[in-house]
Structure formats: structure tokens, C-alpha cells
Amino acid sequence: MKAFVHELGVLKIKEMQEPTAEEGQVVVSIRVAGLNRRDLYIPDRRGTTSEALILGSDGAGIIHSIGKGVEGIAIGDEVIINPSLRWYENSDAPPGGFDILGMPDHGTFAEKVVVSAEQVEKKPAHLSWEEASVAALSGLTGYRALFTKGNVKKGDTVFIPAAGSGVSSFLIPFAKNVGAKVIVTSRSEEKRSKALELGADMAIDTNGDWEKVLAEENIDLIIESVGRATFNRSLDVLKKGGRMVVFGATTEDVVDFDLRKFFYGQYQLFGSTLGSREELRAMLAHMEEYKMIPVVDSTYDLIQAQDALDYLKEGKQFGNVALRVSE
Ligand SMILES: NC(=O)c1ccc[n+]([C@@H]2O[C@H](COP(=O)([O-])OP(=O)(O)OC[C@H]3O[C@@H](n4cnc5c(N)ncnc54)[C@H](OP(=O)(O)O)[C@@H]3O)[C@@H](O)[C@H]2O)c1
């Protein structure tokens with residue numbers, strides 16, 4: 001089968017052996033896979049490892065074959081893949097054994113992928129294959145950061161730097177659906193307009209003077225993923241006693257911050273990563289209830305996977321990027 005792999009320091013399309021379903025596993029025939037920023041980091045993490053690894057954490061497709069002992073799933077079922085491996089019940093942090101699909105295990109940028117039967121969920125009927133393919137990783141990350149960790153409530157003002165991010169394209173409607181006010185930033189005017197169309201109440205320039213523009217706002221909750229470029233600027237606009245959830249560090253991981261200002265401000269800082277199956281199911285139910293449609297910026301063919309990654313790297317997208325694998 002055709003797959004997009006990392007091998008000996010190089011990303012390329014390669015013919016790989018089709019996987020088979022062992023006990024408790026299913027093979028999913030991928031229709032569309034979803035890209036994530038994580039995919040960009042795999043080459044650095046693997047260096048010159050000689051064994052080919054199929055990239056990709058997100059995907060939607062059809063059950064192709066089923067291993068022994070699998071119940072409640074049939075060949076032909078339409079599913080999305082849960083990339084959050086072995087984290088079933090909600091908990092403060094992922095359990096031991098947690099991993100993300102697409103490293104170390106083979107991922108979704110291939111005609112077929114094998115996963116535990118515990119890792120597939122019914123594809124939401126109101127979504128196209130493209131929309132379904134990008135929902136799990138970004139949607140789940142956003143859902144846990146906003147609801148579980150951020151404890152968003154009706155009437156809260158939520159601030160989200162980087163409106164263009166795949167996860168932000170879920171955060172904006174999630175927060176609006178529960179009656180929060182949403183303020184976003186983006187470096188691009190076009191993306192600020194798109195964020196307003198998606199429901200944001202206010203969209204400001206990432207490079208502008210936030211303290212001045214937001215002087216009248218009482219920001220209860222900030223969902224941060226940009227990292228060094230915005231972390232301190234975000235803390236500066238959070239109300240005293242407010243909550244900040246960090247789930248990413250797109251620019252740089254390491255930041256200096258003023259502890260005295262932090263404890264005088266009595267801020268609450270939370271870390272978040274992906275989420276449990278319980279949260280994924282709650283997220284899918286939320287999407288169903290509000291008939292939410294994930295934002296797909298663009299779709300590439302599997303053989304153009306490198307172009308799709310380059311596009312993501314340049315940060316041109318608003319929302320998510322998909323890879324069409326089969327018709
Ligand atoms: N912990 C987890 O489980 C988890 C899960 C998902 C993602 N993440 C991490 O969270 C982050 C967001 O993920 P994603 O997939 O949504 O990312 P993404 O789609 O690639 O979006 C990143 C966004 O960051 C903004 N940005 C990039 N460089 C910037 C800079 N120098 N200054 C200000 N803003 C900048 C851009 O927004 P504008 O173009 O609008 O300015 C860009 O669209 C990534 O770091 C990712 O690795 C973590």
C-alpha cells in the first residue's frame with residue numbers, strides 16, 4: 001500500500017506492507033487523513049532512524065478487517081480514529097502507556113492503518129470525510145483545554161491567541177456554544193475576518209498593543225498554544241485570579257516569567273495535552289448537538305503530503321489541513 005513515511009532522515013511516499021488485524025484490533029481503510037503541527041516535529045524527533053515510520057495521527061475511514069475478540073464493530077462501518085492511545089477514562093493527566101498515534105506506532109498517512117478496536121469511534125453522520133478526518137486531535141485537545149482544564153462557563157470572556165490554529169478553529173465555536181465571549185488574535189487580517197465569521201466576538205492583531213486594545217475587557221480564561229512569542233503578553237491581559245491553560249508552544253518552549261507578578265495576581269496556570277476517550281466522546285456529542293462543522297482550510301492528495309506539510313509549516317492555513325487517501 002501507498003504510505004507517507006519518515007525513513008533515514010527523509011520524508012517520502014513508499015510502498016509499505018498492508019497491516020493485518022491481530023486479536024482486539026481493526027484495520028481501517030483510510031479515506032481522508034488529517035494533518036497536525038505534531039507531524040512537522042517527527043523528522044527532528046526521529047533523526048536518521050532507519051526503520052520507516054508512517055506519519056499521521058488523524059484519519060477517518062471504513063473498517064476493512066477485524067481481529068479476533070472484537071465486538072460491536074462490523075466491516076464497512078464508517079469511523080474516525082482516536083489518536084489518544086490507551087487513555088480511556090478521564091483523569092488529571094494521561095495514564096502510563098499513553099501515546100499519540102503516528103509515532104512510535106504507524107499512523108494514518110497510508111491506505112490502511114491498524115489500531116486497537118478501542119481507538120475507533122463512529123464517524124459523525126453530519127460530517128464529510130474531510131471534516132471527520134480533522135476532528136479528533138484538534139477537537140479533543142481543544143475540548144479538554146477549554147472545558148476540563150479551563151472550566152469555561154457561560155458569561156466568561158475567553159482569550160485565544162492564534163486564531164488560525166487548527167485547535168483554535170474548534171475552541172472558538174466550543175466557547176461560543178456555551179455562551180462565552182470570545183476574543184482572538186491573529187497575525188493575518190484575513191484570518192481575523194474568518195475568526196469573526198466563525199463566531200468570535202472580537203479579533204485583534206497579534207502584533208498590536210493587547211493591553212491597550214483589551215483595557216475594557218475582563219478576561220477570565222486564556223487558552224495559550226503559541227509559546228514564547230505570546231505567553232507573557234497573555235498573562236499581562238488576564239484578569240487577577242484568572243485561568244490560563246497551556247497546551248502548546250508553537251514558537252518556543254522556554255519562557256521567563258515574573259513570579260512576583262504571578263503570585264500577586266493569584267493567577268491559575270494549567271497544562272493540558274490531548275484528552276481521554278471519555279472526553280472525545282463528549283466532544284463528538286457536543287459537535288453533534290450543535291451540528292458543528294470542523295474548518296477544513298484545504299485538502300491535498302496523499303502523494304502531495306510534503307506540499308501539505310510545507311503549507312502547514314508556513315502557517316498559511318485557517319483551521320485544518322486534510323490529505324485525501326482514497327475515494
Ligand atoms: N498538547 C497537545 O496535546 C497538543 C495537541 C494539539 C496541538 N498542540 C500544539 O499546539 C499548538 C497549536 O497546534 P495546531 O495544530 O492548532 O497549530 P497550527 O494549526 O499549526 O497553528 C499554529 C498557529 O500559531 C500561530 N503562530 C505561529 N507562529 C507564530 C508567531 N511567531 N507568533 C504568533 N503566532 C504564531 C499562527 O496563527 P495566526 O496565523 O492566526 O497568527 C498559526 O496558525 C502547536 O504548537 C501544537 O504542537 C498540542
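**Strand pairing**

I began with strand β1, residues 2–7, and found that six bridges join β1 to β2, the two strands running antiparallel. I note at the outset that the model is a predicted one. Within this pair, I located Val5 opposite Lys12 of β2.

I then looked up the sheet as a whole. It is an open sheet of three strands in the order β2-β1-β4, and the pairing is antiparallel. The edge positions are held by β2 (10–15) and β4 (53–54); each has a single partner strand, so one side of each is left without a neighbour in the sheet.

**Covered helix**

Next I asked how many of the ten residues of helix α4 are buried. The count is eight, and I therefore list α4 (residues 168–177) as mostly covered, taking buried to mean under 20% relative accessible area. The buried residues are Ser168, Ser169, Phe170, Leu171, Ile172, Pro173, Phe174 and Ala175. Following α4, I checked Gly179 and recorded a positive phi, near 85 degrees.

**Surface patch**

Finally, I asked which residues form a nonpolar patch on the surface. They are Leu259, Phe263 and Tyr264, and together they have about 380 Å² of accessible area. I placed Leu259 in helix α8, which covers residues 259–265.

Definitions and conventions: Residues are numbered from 1 along each chain as its sequence is written. This is a predicted model: local features need pLDDT of at least 70, side-chain atom pairs count only at pLDDT 80 or more; totals for chains, interfaces and linings use all residues. Side-chain values use heavy atoms; hydrogens and water are left out. Two strands pair if DSSP finds at least two bridges between them. Helices (H or I, at least four residues) and strands (E, at least two) are DSSP runs, numbered from the N terminus. Patches are made of residues with over 30% relative accessible area and no salt bridge: like charges are joined within 9 Å, nonpolar side chains (Val, Leu, Ile, Met, Phe, Trp, Tyr) within 5 Å. Accessible areas come from the Shrake-Rupley method with a 1.4 Å probe; for residues, only the protein chains shown count as cover. A salt bridge is a side-chain nitrogen of Lys or Arg within 4 Å of a carboxyl oxygen of Asp or Glu. Buried means under 20% relative accessible area, exposed over 50%, partly exposed in between (1.4 Å probe, protein chains only).
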